[in-house]
Amino acid sequence: VLDQGANSMKFEVDSPQDIGRLARAARRAQGLRQDDLAAIVGASHVSLMNLERGNANVGLGRTLDVLRELGVRVHLDVPPDVAGEVEKAMRGGHGQ
């Protein structure tokens, strides 16, 4: 655990397995079955099962959909030496 705010906790994630463990724990804490969550996000049960097992082949979009549905927000910590270019890119700029 990196930080604990009033309404959330921050965890460092270094692998698909970390994301899978986090997703499984959040799903179980909310009393959701895999097939029910899969239906909510428009995924197959197998896709959700693969995500929770840390399979690196689950698409990023699908992973973000699942996390969003579980109420998990994703923040990326950007190094200071690239922050300016990243900020421009996120505002719709075209730094290449």
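This is a predicted model: local features need pLDDT of at least 70, side-chain atom pairs count only at pLDDT 80 or more; totals for chains, interfaces and linings use all residues.
Before I start, a word on classes: Ala, Val, Leu, Ile, Met, Phe, Trp, Tyr, Cys and Pro count as nonpolar, Asp, Glu, Lys and Arg as charged, and the others, Gly among them, as polar.

Of the 27 lining residues, the closest to the centre of the pocket are Phe-11, Val-13, Arg-73, Val-74 and His-75, while the elements that give two or more residues to the lining are β2, at 9-10, together with α1 and α4.

Let me turn to α1, residues 16-29, whose axis comes within 7 Å of the axis of helix α3, residues 45-52, the two crossing at roughly 115 degrees. On the α1 side the contact is made by Pro-16, Ile-19, Gly-20, Arg-21, Ala-23, Arg-24 and Arg-27, and on the α3 side by Leu-48, Leu-51 and Glu-52. By class, the residues of this contact are five nonpolar, one polar and four charged.

Leu-67 counts as buried because its relative accessibility is 6%, and the cut-off for buried is under 20%. Setting aside neighbours within four places in sequence, Leu-67 is in contact with Ile-19, Leu-22, Ala-23, Val-72 and Val-74. For Ile-19, the C-alpha to C-alpha distance from Leu-67 is 8.9 Å, although the two are 48 residues apart in sequence.

Terms used:
Residues are numbered from 1 along each chain as its sequence is written. Side-chain values use heavy atoms; hydrogens and water are left out. Axes are lines fitted to C-alpha atoms, for helices over the stretch in contact, and angles run from 0 to 180 degrees between N-to-C directions. Helices (H or I, at least four residues) and strands (E, at least two) are DSSP runs, numbered from the N terminus. Contact means heavy atoms within 4.5 Å. Buried means under 20% relative accessible area, exposed over 50%, partly exposed in between (1.4 Å probe, protein chains only). On a 1 Å grid over the protein atoms alone, a cavity is a set of points where a 1.4 Å probe fits but cannot get out, and a pocket is an open set with protein on both sides within 12 Å along at least five of seven lines; lining residues have an atom within 4 Å of a point.
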